[in-house]
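I opened this model to look up pockets, ring pairs and cores. My notes follow in the order I made them.

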Amino acid sequence: MSPMLLFTAACVALSLIGMRSHLERYITPETGLGYLLGIVGGSFMILLLVYPARKRLPWLAPIGGVKPWFQVHMVLGIVGPMLVLFHSNFRSGATNSNVALFCMLTVSGSGLIGRYFYTRIHTDLYGSQTSLQDLKGQISRMQQVSTSLAFIPDLASRLAAVETAMTAGLEKIPGVLRPAVVALRALTARRRIRAQIRGAALLHARQQEMAVASMQRETEAASELARRHIDLVRRVAELGTYERLFALWHVLHLPLFFMLLAAGIVHVVAVHMY
């Protein structure tokens, strides 16, 4: 399991514990540990500004590269709200507290959406197209020189038909719906090509009077090539939509963050004044 998945699992587990536990018995927002969690969580939220500042201001280069700060930005964007939730005992409170909490959850949710968009476009279109072309060449070369794909000699043409089916008529589909349509087509294509590969392996085994199990390695190799091909076709087909969605998300996310800062300042001032 990757570190990111472990981190996500830990955050989900802590959230479930926090929601199901009676934290008010141990944590008070106004004093002690509860107060400290609010200060640290709020500070982490303010530190989120370092990443956009580092990305836009070249003179901040001595503090580190953009990529490490992006990773820190993602971690703080989850840990900060988590600490604030524990600070509030996962409960609502006064009006100013509720506004600040709602703003924080909105910004945190927006960040998760932005993270998803980012993962879909982190490889540029030309890079994906180049990878797709390289894979097509690799399949053709393997079929010419390798016996591992001899049982399905027309794999390249079958994958070409799959690519045509996945991308047919996409220009007529609204952009925001295109990723869902491509994903559904990719799922159907993976099932269909796996069935074709298994059928070809079974036929080849019967013709050669051999056990189907003895062809497991060859079947897995063909299935992996098909999976990679379909995934790359999907990425190329949906990339334009995710680029537009990511640009729109950028326009919305920053105002939401400043709204959170304003709500947080009002909350801190109100707590200490009244």
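I began with the second largest pocket, which holds about 550 Å³ of space. The model is predicted: I need pLDDT of at least 70 for local features and 80 or more for side-chain atom pairs, while totals for chains, interfaces and linings use all residues. Residues are numbered from 1 along each chain as its sequence is written, and side-chain values use heavy atoms, with hydrogens and water left out.

My pocket is an open set of points on a 1 Å grid over the protein atoms alone, where a 1.4 Å probe fits, with protein on both sides within 12 Å along at least five of seven lines; lining residues have an atom within 4 Å of a point. Points are joined across faces, edges and corners, and the volume is the space filled by probe spheres set on them.

Which residues lie closest to the centre of this pocket? I found Y51, H73, W249, H250 and H253, out of 26 lining residues. The elements giving two or more residues to the lining are α3 (50-56), α4 (66-87), α5 (95-121) and α9 (216-273). I take helices as DSSP runs (H or I, at least four residues) and strands likewise (E, at least two), numbered from the N terminus. By class, I get 16 nonpolar, seven polar and three charged lining residues. Here Ala, Val, Leu, Ile, Met, Phe, Trp, Tyr, Cys and Pro count as nonpolar, Asp, Glu, Lys and Arg as charged, and the others, Gly among them, as polar.

Next, the aromatic rings. I searched the whole structure and found eight aromatic pairs. The rule: rings of Phe, Tyr and Trp (its six-membered ring) pair if their centres lie within 6.5 Å; planes under 30 degrees apart are stacked, over 60 edge-to-face, the rest tilted.

Y118 and F246 have ring centres 6.4 Å apart and planes at 50 degrees, so I log the pair as tilted. Y118 sits in helix α5 and F246 in helix α9, so the pair ties together parts 128 residues apart in sequence. Are the two partners buried or exposed? Y118 is partly exposed, at 31% relative accessible area; F246 is buried, at 17%. My cut-offs are under 20% for buried, over 50% for exposed and in between for partly exposed (1.4 Å probe, protein chains only).

F257 and F258 have ring centres 6.3 Å apart and planes at 70 degrees, so this pair is edge-to-face. F257 is buried at 6%, whereas F258 is partly exposed at 45%. I also noted that ring pairs link Y51, F70, Y118, F246 and W249 into a cluster.

Then the cores. I define a nonpolar core as a set of buried Ala, Val, Leu, Ile, Met, Phe, Trp, Tyr and Cys residues joined through side-chain atoms within 4.5 Å. The largest has 24 residues, of which F151, M166, I193, I197 and I230 touch the most other members. α7 (155-167), α8 (178-207) and α9 each supply at least two. The largest share, eight residues, comes from α8.

I checked I197. Beyond neighbours within four places in sequence, I197 is in contact (heavy atoms within 4.5 Å) with F151, I152, T219, A222, S223 and A226. Another core, of 21 residues, lies apart from the largest one and includes M82, L83, F86 and L101.

Last, the whole chain. I count nine helices and zero strands. Of its 274 residues, 34% are buried.
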